[in-house]
Amino acid sequence: MSRISHNCRTVRNKLSSSEIWGAGIISTDSSNQRVLNVLQITDTHLHADTEGTLLGLKTYQSLRLVTAEALSSHVPDLVLATGDLVHDGSPAAYRLIKSHLKELGVPVYCLAGNHDEAQSLRKTLPGGLVRYSDHAFSGNWQFIFLDSTIPGSEAGHLREEQLELLEAHLSKAPDQHTLVCMHHQPVPVGSEWLDTMAVDNPGDFFTIIDRHPQVRGILWGHVHQEYERQRNNVRLMASPSTCIQFKPLSSRFAVDECPPGYRWLRLHPDGRIETGIRRIQEIPVGVEVSSCGY
């Protein structure tokens with residue numbers, strides 16, 4: 001059964017029982033194995049200047065509001081930052097986001113988006129608490145981070161080396177539940193203009209995914225909106241930006257009036273994924289909702 005979720009107002013600031021992780025309390029399933037608590041933040045679009053804006057929104061201030069909201073509600077084991085970390089590609093902007101993400105106090109895994117400058121990203125985040133990596137393990141889960149960017153383009157593509165990396169990591173860990181992360185969407189999300197910038201070789205990608213039943217979810221950014229669907233036994237998930245939002249199902253560029261937000265995930269030892277979206281209370285002032293692009 002496919003499901004697409006678009007309504008930001010149904011999830012804003014309403015915690016379900018499955019969403020409360022409990023300050024300092026380790027969540028467990030019935031076999032007393034630890035549940036892995038994960039946050040996804042995406043499309044932060046920072047500038048070197050902390051006062052820098054995107055369509056009138058101060059992206060650094062918005063990121064701080066979102067992460068404060070996230071930490072007030074959740075106790076994460078790790079954070080996934082799924083691309084477009086900065087908007088101007090500057091080393092100073094990468095140093096700024098690294099400094100902020102270190103404040104979260106847990107491992108943060110970063111990957112590149114189409115607005116990122118890959119060389120600066122890798123140089124700034126070679127290791128440590130905030131890092132650029134192609135895969136990681138936590139508990140009995142594996143995380144694979146793919147680079148779907150094309151230099152100088154907004155579109156997405158998985159190069160042969162990335163497909164080989166995916167195949168290799170999956171083949172080496174057949175018993176590890178796996179979450180695959182990238183920046184661009186591998187399936188259409190129903191927004192005509194955004195879907196011209198999706199991964200352009202999804203068939204090659206899903207051929208590999210379909211060979212490896214340990215893949216439980218695929219997670220991405222780029223679309224600045226909530227999206228969720230099931231493909232076979234794999235959860236497909238996209239998430240709101242920590243800054244501006246794109247209006248779902250729009251044929252052309254359109255800014256949504258939903259507030260910024262993030263995705264939370266509970267990854268169970270048996271491979272189950274619980275997940276949801278939370279947003280800050282209201283859209284920050286100054287957002288140019290009538291804009292036709294940036």
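In which hand does H1 pass H2: right-handed or left-handed? Hi everyone, let me start there. H1 passes H2 in a right-handed crossing. Keep in mind as we go that this is a predicted model.

Here is some more on that pair. H1 covers residues 59–73 and H2 covers residues 91–102; their axes come within 11 Å and cross at roughly 15°. That makes H1 roughly parallel to H2, because angles under 35 degrees count as roughly parallel. If you want to find the contact on screen, look at Tyr 60, Leu 63, Arg 64 and Thr 67 on the H1 side, and at Leu 96, Ile 97 and His 100 on the H2 side. Sorted by class, the contact between H1 and H2 has 4 nonpolar, 2 polar and 1 charged residues.

Now, what do these helices sit on? There is an open sheet of 6 strands with mixed pairing, and the order is S6-S5-S4-S1-S15-S16. The edges are S6, at 130–132, and S16, at 273–279. Each edge strand has a single partner, so one side of each is left without a neighbour in the sheet. From one strand to the next, the twist averages 25°.

Let's zoom in on one end of that sheet. S5, residues 108–111, pairs with S6 in the parallel sense over 3 bridges, and Val 108 stands opposite Val 130 in S6. As for the helices, H1 lies across S1 (36–41), S15 (261–267) and S16, and runs at about 30° to S15. H2 packs on the sheet as well, touching S1, S5 and S6, and its direction makes about 130° with that of S6.

On to another sheet. It is also open, with 6 strands and mixed pairing, in the order S7-S8-S9-S10-S12-S11. At the edges we have S7 (135–138) and S11, each with a single partner strand, so one side of each is left without a neighbour in the sheet. The twist here averages 15° from one strand to the next.

Within this sheet, S8 (residues 141–145) and S9 (residues 177–181) run parallel and are joined by 5 bridges. Ile 144 has Val 180 in S9 as its bridge partner. H4 packs on the sheet and touches S7, S8, S9 and S10 (215–220), with its direction making about 170° with that of S8. H6 packs on the sheet too, touching S9, S10, S11 and S12, and its direction makes about 150° with that of S10.

Those two helices also meet each other. H4 (residues 160–172) and H6 (residues 202–211) pack at an angle of about 5°, with their axes 10 Å apart. That makes H4 roughly parallel to H6. Leu 163, Leu 166, Glu 167 and Leu 170 in H4 meet Asp 204, Phe 205, Ile 208, Ile 209 and Arg 211 in H6. By class, that contact has 6 nonpolar, no polar and 3 charged residues.

One more local detail. S11 (residues 227–231) and S12 (residues 234–238) pair in the antiparallel sense over 5 bridges, and Arg 229 stands opposite Leu 236. Their hairpin has 2 residues between the strands, and Asn 232 takes a positive phi near 55° there.

Finally, a word on confidence. The mean pLDDT of the protein is 89, and 89% of its residues reach 70 or more. Where does pLDDT stay under 50? One such stretch is residues 9–32, for which the model has 51 contacts beyond four places in sequence. Residues 1–6 also stay under 50, with 14 such contacts.

Note on methods:
Residues are numbered from 1 along each chain as its sequence is written. This is a predicted model: local features need pLDDT of at least 70, side-chain atom pairs count only at pLDDT 80 or more; totals for chains, interfaces and linings use all residues. Side-chain values use heavy atoms; hydrogens and water are left out. Axes are lines fitted to C-alpha atoms, for helices over the stretch in contact, and angles run from 0 to 180 degrees between N-to-C directions. Helices (H or I, at least four residues) and strands (E, at least two) are DSSP runs, numbered from the N terminus. Angles under 35 degrees count as roughly parallel, over 145 as roughly antiparallel, 65 to 115 as roughly perpendicular and the rest as oblique. A crossing is left-handed if the near helix is turned anticlockwise from the far one by less than a right angle, and right-handed if clockwise. Contact means heavy atoms within 4.5 Å. Ala, Val, Leu, Ile, Met, Phe, Trp, Tyr, Cys and Pro count as nonpolar, Asp, Glu, Lys and Arg as charged, and the others, Gly among them, as polar. Two strands pair if DSSP finds at least two bridges between them. pLDDT is the predictor's confidence in each residue, from 0 to 100.
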